[in-house]
Amino acid sequence: MFSIGLTGGIGSGKTQVADWLAQWGAAVIDTDQIAHALTAAGGGAIEPLRQAFGPQAITADGCLDRDWMRERAFGDPTIRQRLEAVLHPLIDQTVQTRAAGAQGLYRVYVVPLLVESGRWRDRVDRICVVDCDPATQVRRVQGRSGLTPETIGRIMSAQASREDRLAVADDIIVNDGATDLDALRRRSWSCHQSWCDLASRSLRGSAIHD
Ligand code: ADP
């Protein structure tokens, strides 16, 4: 199935874009949602995380203690790598299962760290970046989560820069401070239409080769 990798920095608007694409008929697979489910109480990553980081990594409710983990992972790249070594194979497994059962006009993988991970370029036909200026990202994330500007700044500085993201983009959806939700929706719709077109052409192409 024709596939898009959808990425963008925190607060860029990629979840909003993905929600519309799903409404319009794309099969959306969100790696962030998968990571959340795996690290929620009863999730498949909880026991491996307990073993890797000790009982203090897990809250009394049985979830990953995100604040505890965030504090350590930001300060220490080896902790970040250990966390990724536990989570990435589990996320990949779930992504593959969902992708195999996906029904839709085309597939969209929502991957916050697509540019950073380097594992996605060969898995998707096109990379789409939702682009936003850093000041607007901070404002949106504050509105959504109540995290402090300092914490948001740290998360952003651990992510790829705006320039690095734009450098690998095949498609760009601008969602800066001057973009209202109507404009974002129109831009997303125009990408959706061009992807439907490409998806049906790639389907015809594969039917000819079969
Ligand atoms: P991401 O998934 O990239 O972190 P979201 O899609 O969750 O970002 O967007 C962050 C917040 O900003 C959400 O509450 C979303 O509704 C809001 N938002 C995104 N784009 C716009 C926009 N153009 N105008 C107003 N609010 C927006």
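**Figure 1. The two domains of the predicted model.** Domain bounds, as used here, come from an automatic or database domain assignment, and the structure shown is a predicted model. The chain is divided into domain 1, made of residues 1–26 and 105–210, and domain 2, made of residues 42–103. Taking the C-alpha atoms of each part, the centres of domain 1 and domain 2 lie 23 Å apart.

**Figure 2. The interface of domain 1 and domain 2.** In this view 11 residues of domain 1 are in contact with 10 residues of domain 2. Between them, domain 1 and domain 2 bury about 920 Å², and 56% of this area is on carbon and sulfur atoms. On the side of domain 1, the residues that lose the most area to domain 2 are R107, R119 and R154, which together make up 41% of what that side buries. The rule for salt bridges finds 3 of them across this interface.

**Figure 3. A salt bridge of R154.** The side chain of R154 meets the side chain of E71 in a salt bridge, with a distance of 3.8 Å from N to O.

**Figure 4. The largest nonpolar core.** In soluble globular proteins, nonpolar side chains tend to be buried together. The largest nonpolar core in this model has 30 residues, and the members that touch the most other members are L49, F53, M69, I91, V95, Y109 and W120. At least two residues of this core are supplied by each of helix 2 (31–39), helix 3 (46–53), helix 4 (66–75), helix 5 (77–100) and strand 4 (126–131). Helix 5 gives the largest share of the core, with 8 residues. Because domain 1 and domain 2 both give residues to this core, it lies between them.

Figure 5. When residues up to four places away in sequence are not counted, I91 touches T31, I34, A35 and L38.

Technical notes. Residues are numbered from 1 along each chain as its sequence is written. This is a predicted model: local features need pLDDT of at least 70, side-chain atom pairs count only at pLDDT 80 or more; totals for chains, interfaces and linings use all residues. Side-chain values use heavy atoms; hydrogens and water are left out. A nonpolar core is a set of buried Ala, Val, Leu, Ile, Met, Phe, Trp, Tyr and Cys residues joined through side-chain atoms within 4.5 Å. Buried means under 20% relative accessible area, exposed over 50%, partly exposed in between (1.4 Å probe, protein chains only). Helices (H or I, at least four residues) and strands (E, at least two) are DSSP runs, numbered from the N terminus. Contact means heavy atoms within 4.5 Å. Buried area is the accessible area (1.4 Å probe) that two parts lose on being put together, summed over both. A salt bridge is a side-chain nitrogen of Lys or Arg within 4 Å of a carboxyl oxygen of Asp or Glu.
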